[in-house]
Amino acid sequence: MNIQDEMKKRRTFAIISHPDAGKTTMTEKMLLFGNLIRSAGTVKGKKSGKFATSDWMEIEKQRGISVTSSVMNFPYKGYQVNILDTPGHEDFSEDTYRTLTAVDSVVMVIDGTKGIEAQTLKLFKVCKMRGIPIFTFINKMDREGREPFELMEEIEETLNIETYPMTWPAGMGKRFLGVFDRNNEQFVHYTGNEEEAYIPYDQLDQHPELSENATFQEAEEEMLLVDEAGDGFDMDKVMRGDQTPVFFGSALAPFGVETFFNSFIEMAPEPAPRKSTEGIVSPDHEEFSGFIFKIQANMNPQHRDRIAFVRVCSGKFERGMNVTLSRTGKSFKLAQSQQFVASSRGTVEEGYAGDIIGIYDPNVYRIGDTIVTGKSNFEYDELPQFPPELFKKVTAKNVMKSKQFRKGLEQLVQEGAIQLFKRYRFEDYIIGAVGELQYEVFEYRMKNEYNVEIELTSIGERIPRWLREDQVDESLFDERNMLAEDREGNPLVLFKNDFSLRWFEDKHPDIELTDLFEVNQYNQTFE
Ligand code: G4P
């Protein structure tokens with residue numbers, strides 16, 4: 001099979017959700033389709049302890065969680081599925097965001113009893129900023145939840161995206177009968193069995209238990225309303241991330257997952273061309289290229305090894321091939337390569353655009369690096385930085401260790417493990433992260449890799465806003481709204497909270513404040 005046929009089969013996506021919306025349950029059902037696991041209930045370790053995604057890091061073992069966002073891949077109906085896991089809960093970190101730069105689409109799982117929740121919103125914003133197509137699965141229809149129309153409206157208003165219901169539910173909770181599959185013109189009947197029963201619309205009259213049921217009739221009327229008043233399906237909008245196809249079901253039952261997955265896999269985009277310093281690179285370009293979106297150190301404490309996660313963007317990856325690291329122009333042989341299937345690491349011999357491959361990192365790679373073969377030496381667009389939310393002052397416990405401290409800090413910051421700031425005109429280091437876990441990993445690595453014990457003092461959640469150099473007026477700021485500078489020396493303010501930010505904006509309308517999302521967006525659009 002040639003490069004083009006192979007890459008067209010790839011479906012690389014992440015599942016995003018707020019903790020407890022059902023992402024793990026959903027992932028598990030998908031793995032069942034791929035025959036990757038034999039029975040449900042084997043994926044989750046946190047509560048049942050049955051499964052631990054990896055024991056790569058001591059910290060993972062201690063907490064019984066997975067720091068690593070792993071990759072699961074399996075063939076399904078002629079496609080090659082790559083699911084990238086995005087950690088939820090307290091494991092939330094910049095890695096979670098960065099994972100989204102390596103996927104071609106996203107499945108957003110929403111708890112139908114709750115609607116849009118905070119973490120979904122954060123992840124959604126990143127998808128939107130990058131124009132990633134988003135497919136929505138409204139979960140927990142087996143429970144009494146919010147009205148479907150209300151949920152659609154909330155998605156549209158909160159996320160500023162059009163919705164197109166691909167399926168429409170008949171009832172919910174105890175009255176749940178199934179969903180209308182609008183695309184395939186069939187009713188998917190919820191019978192309580194794992195198998196989904198499909199009844200074509202024109203055979204519904206043979207099922208009086210449905211056609212004469214008040215809940216069913218009500219749903220039929222709602223469907224008419226959706227047909228008439230709703231937005232039309234627009235694949236171009238879906239591909240731009242301006243419209244989201246919506247499905248209803250229950251990951252636990254399971255119900256509607258198969259209907260969702262079959263439609264999703266057909267509709268979801270194959271790997272797209274990507275922007276580089278030498279113009280657009282097509283995924284079927286004959287030369288291999290890829291970028292590193294994550295580096296995981298200390299997977300094996302005995303060897304102090306580091307694994308770089310590469311998203312293949314074009315050509316064919318082969319084990320043992322020679323590649324050039326564009327940033328330095330140096331060549332390497334990719335002798336060790338791994339693909340990640342949940343807990344096991346298997347050696348991978350080849351890969352195509354859309355695949356995620358782990359390569360051994362002899363301490364030369366950085367997050368965002370591009371590797372290529374052939375004569376070209378381009379780099380993919382820089383990975384965006386994500387606005388940190390938690391901030392802590394960091395010092396070495398032992399002042400004698402300040403040299404190692406600075407070295408560790410520098411390297412870990414460069415690796416993208418954490419973001420570094422300095423208090424304006426002070427030597428105080430402040431580090432920023434999007435999740436608490438990043439601090440734990442940082443502290444652990446400083447101790448184990450650089451032999452420095454650190455002291456972290458929280459300055460709480462903050463809202464960072466960058467400001468123009470010529471508008472810096474130190475007298476306007478204090479501990480509450482702290483003036484700082486980022487790694488490049490750009491001034492910013494760490495506002496105490498939303499209220500302080502708004503108060504400041506009201507008082508000083510002339511001072512221009514920018515958030516990182518805007519900065520990123522600006523770079524993307526006008527580069
Ligand atoms: P997460 O990965 O997004 O955090 O969610 P997870 O799949 O772990 O699901 C969170 C809880 O919601 C779990 O219950 C799970 O069984 C339940 N759940 C998931 N999908 C559905 C659904 O379609 N319907 C209903 N009723 N519940 C669902 P738990 O009691 O917190 O955990 P567990 O003891 O079942 O593992």
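K294 lies over the face of F309, 5.5 Å from the ring centre; a charge sits over a ring here if NZ of Lys or CZ of Arg is within 6 Å of the ring centre and within 35 degrees of the ring normal. The model is a predicted one, so to speak of local features takes pLDDT of at least 70 and side-chain atom pairs count only at 80 or more, while totals for chains, interfaces and linings use all residues. Side-chain values use heavy atoms, with hydrogens and water left out, and residues are numbered from 1 along each chain as its sequence is written.

The structure holds 29 aromatic pairs, meaning rings of Phe, Tyr and Trp (its six-membered ring) with centres within 6.5 Å, called stacked when the planes are under 30 degrees apart, edge-to-face when over 60 and tilted for the rest. F180 and F187 make an edge-to-face pair, at 4.8 Å centre to centre and 65 degrees between the planes. Both are buried, that is, under 20% relative accessible area with a 1.4 Å probe and protein chains only. One aromatic cluster takes in F13, F33, Y76, F135, F137, F247, F260, F261 and F264.

Strands are DSSP E runs of at least two residues, numbered from the N terminus, and two of them pair if DSSP finds at least two bridges between them. Strands β1 (residues 10-17) and β3 (residues 79-84) run parallel, joined by five bridges, and A14 stands opposite L84 in β3.

Methods:
Buried < 20%, exposed > 50% of the residue type's maximum accessible area, 1.4 Å probe, protein only. Helix = DSSP H or I, 4+ residues; strand = E, 2+ residues; numbered from the N terminus.
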